[in-house]
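Please look over the sequence and the model shown here before reading the notes on side-chain contacts and surface charge.

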Amino acid sequence: MNKQGFLYRAFDLYYDGFRNMRLGRTLWAIIIIKLFIMFAILKVFFFPDFLKEHAGGDEAGYVATKILNQ
């Protein structure tokens with residue numbers, strides 16, 4: 001592999017940075033856990049599928065009528 005190429009240098013920069021960080025690993029773990037909670041748990045329990053409930057199978061038609069009738 002060409003060690004002078006841009007992609008190699010960019011990969012090496014990030015690889016070396018992530019390998020040597022200590023506090024950053026903990027922070028990334030917290031970020032990933034928070035994202036999982038926000039998108040997996042909260043979406044399932046607090047945000048119902050509004051379009052599926054009101055459209056009755058014709059989602060495109062429902063959206064079109066709502067846009068045109070505003």
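## Basis of the report

The model is predicted, and every value given here was computed from its atoms.

## The salt bridge

Side chains of opposite charge can pair when their charged atoms come close. In this model the count of salt bridges comes to one, and the partners are Asp16 and Arg19, whose closest N and O atoms are 2.6 Å apart. That distance falls within the 4 Å cut-off, so the contact between Asp16 and Arg19 counts as a salt bridge.

Both residues belong to helix α1, which covers residues 6-20, and because they are three residues apart there, about one helical turn separates Asp16 from Arg19. Asp16 has a relative accessible area of 30% and is partly exposed, while Arg19, with a relative accessible area of 43%, is also partly exposed.

## Aromatic pairs

The structure holds two aromatic pairs. In one of them, formed by Phe11 and Tyr15, the ring centres lie 5.7 Å apart and the planes meet at 15°, so the pair is stacked; planes under 30 degrees apart are what this class requires.

Phe11 and Tyr15 are likewise set in helix α1, where a spacing of four residues places them about one helical turn from each other. Phe11 is exposed, its relative accessible area being 54%, whereas Tyr15, at 44% relative accessibility, counts as partly exposed. The two labels differ because exposed means over 50%, and partly exposed covers the range between that value and 20%.

## The negative patch

On the surface, a patch of negative charge gathers Asp49, Glu53, Asp58 and Glu59. One of these residues, Asp49, is placed in the loop that runs between α2 (23-46) and α3 (50-55).

With a relative accessibility of 48%, Asn20 counts as partly exposed.

How far apart are Asn20 and Ile41 in sequence and in space? Along the chain Asn20 and Ile41 are 21 residues apart, and from C-alpha to C-alpha the separation in space is 32 Å.

Definitions and conventions
Residues are numbered from 1 along each chain as its sequence is written. This is a predicted model: local features need pLDDT of at least 70, side-chain atom pairs count only at pLDDT 80 or more; totals for chains, interfaces and linings use all residues. Side-chain values use heavy atoms; hydrogens and water are left out. A salt bridge is a side-chain nitrogen of Lys or Arg within 4 Å of a carboxyl oxygen of Asp or Glu. Helices (H or I, at least four residues) and strands (E, at least two) are DSSP runs, numbered from the N terminus. Buried means under 20% relative accessible area, exposed over 50%, partly exposed in between (1.4 Å probe, protein chains only). Patches are made of residues with over 30% relative accessible area and no salt bridge: like charges are joined within 9 Å, nonpolar side chains (Val, Leu, Ile, Met, Phe, Trp, Tyr) within 5 Å. Accessible areas come from the Shrake-Rupley method with a 1.4 Å probe; for residues, only the protein chains shown count as cover. Lys and Arg count as positive and Asp and Glu as negative; His and the chain ends are not counted. The place of a charge is taken as NZ of Lys, CZ of Arg, CG of Asp or CD of Glu. Rings of Phe, Tyr and Trp (its six-membered ring) pair if their centres lie within 6.5 Å; planes under 30 degrees apart count as stacked, over 60 as edge-to-face and the rest as tilted.
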